[in-house]
Amino acid sequence: MMAVNNPFNEKNEDLELELKETEEAVETSIQTIKWSVDDQAGERLDKFVTERAGADVSRTQVQDWIKQGHVLVNGRNSKANVKLAAGDKVLLTIPEPETTEIVPEDIPLDVVYEDKDVIVINKPRGMVVHPAPGHPSGTVVNALMHHCKDLSGINGQLRPGIVHRIDKDTSGLLMAAKNDAAHHSLAEQLKAHTVTRRYLALVHGNVPHDQGTVDAPIGRDPHDRKLYMVTSRNSKESITHFVVLERLGDYSLLELQLETGRTHQIRVHMKYIGHPLAGDPVYGRSKTIGLKGQALHAAVLGFNHPSTGEYLEFERPIPEDMAFELQTLRTQ
């Protein structure tokens with residue numbers, strides 16, 4: 001068993017009335033969340049909100065909301081760096097989604113499951129999840145908007161329905177919400193680490209341990225904001241569990257289970273322990289397999305249904321290109 005551990009491891013009546021009125025005005029909206037500060041006293045406001053607002057909310061987004069007055073402390077606007085005190089009341093009112101210019105596109109989708117609340121698809125390698133600079137169309141979101149007609153718009157971002165994402169060159173299972181209540185439920189499950197996410201990955205090297213856990217915080221690379229790395233600075237807890245399924249000479253096939261879901265988590269953690277993903281153009285090695293993109297497939301996805309509470313789990317086999325590479329290694 002291998003374990004790679006974290007290496008860094010005066011209130012007044014007017015105020016009470018104002019706060020009460022604010023809460024009554026918004027407490028029935030799922031777009032508003034309220035908290036009381038207890039043993040988090042001394043924590044920065046932006047950090048406090050980010051850690052509680054949902055798995056798909058970034059600190060930058062929270063800081064923008066604070067500047068725009070969407071976050072109140074004891075009924076009043078505050079600054080991102082204010083230190084909270086015990087007993088403070090924090091209210092987050094998530095803004096209405098911005099008007100999107102995303103065009104629905106008739107792009108075929110491999111639909112694994114769909115009902116009035118949620119849709120699960122098997123995303124192919126090479127397909128971007130949501131529009132971004134350089135990828136304004138041809139994305140999962142463009143396809144979903146054509147297929148579903150009704151998607152959640154929570155978080156005020158141009159990512160209708162998207163609760164979590166997988167990288168462009170990672171294939172596999174992805175869930176999307178079709179209404180805001182479903183989105184809120186699924187995001188909370190991600191935050192609570194109760195969503196099952198298991199991946200299959202081909203990595204460089206013969207991993208010596210049959211199973212292990214990588215517990216190492218991930219943050220942005222200070223030299224390149226597009227990349228991530230294991231670091232103690234401005235990082236978040238990141239935990240990946242793995243089991244070796246097969247050893248193939250200079251490669252190993254792993255099953256990995258995410259306990260947290262940071263950007264590029266598996267790719268960064270595998271590089272960190274000296275076994276980068278085969279075919280990874282960013283975190284991998286120059287001499288690798290012929291696959292276009294990292295050999296990573298989101299094979300299993302499980303969650304509690306937003307309306308019924310029933311646990312649903314789905315599985316899809318690795319795509320043909322990855323299967324071909326594996327078979328080639330087996331016959332060498």
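Does N234 count as buried or exposed, and at what relative accessibility? At 73% relative accessibility, N234 counts as exposed, where exposed means over 50% relative accessible area, buried means under 20% and partly exposed lies in between, with a 1.4 Å probe and protein chains only. The structure is a predicted model, in which local features need pLDDT of at least 70, side-chain atom pairs count only at pLDDT 80 or more, and totals for chains, interfaces and linings use all residues. Residues are numbered from 1 along each chain as its sequence is written, and side-chain values use heavy atoms, with hydrogens and water left out.

The chain contains seven helices and 16 strands; these are DSSP runs numbered from the N terminus, with helices being H or I of at least four residues and strands being E of at least two. Of its 332 residues, 49% count as buried.

Helix α2 (residues 45-53) packs with helix α3 (residues 59-67) at an angle of about 120°, and their axes lie 9 Å apart. Axes are lines fitted to C-alpha atoms, for helices over the stretch in contact, and angles run from 0 to 180 degrees between N-to-C directions. The angle makes α2 oblique to α3, since angles under 35 degrees count as roughly parallel, over 145 as roughly antiparallel, 65 to 115 as roughly perpendicular and the rest as oblique. On the side of α2, the contact is made by L45, D46, K47, V49 and T50, and on the side of α3 by R59, V62, Q63 and I66; contact means heavy atoms within 4.5 Å.

Helix α4 (residues 140-148) is mostly covered, with seven of its nine residues buried. These buried residues are V140, V141, N142, A143, L144, M145 and C148. They pack against the strands β6 (111-114), β7 (118-123) and β8 (171-177).

Backbone geometry sets two loop residues apart for description. Most residues other than glycine have a negative phi. N234, in the loop between β12 (224-230) and β13 (239-248), has a positive phi near 50°. H264, in the loop between β14 (251-258) and α6 (265-272), has a positive phi near 60°. H264 is buried, with a relative accessible area of 17%, whereas N234 is exposed.
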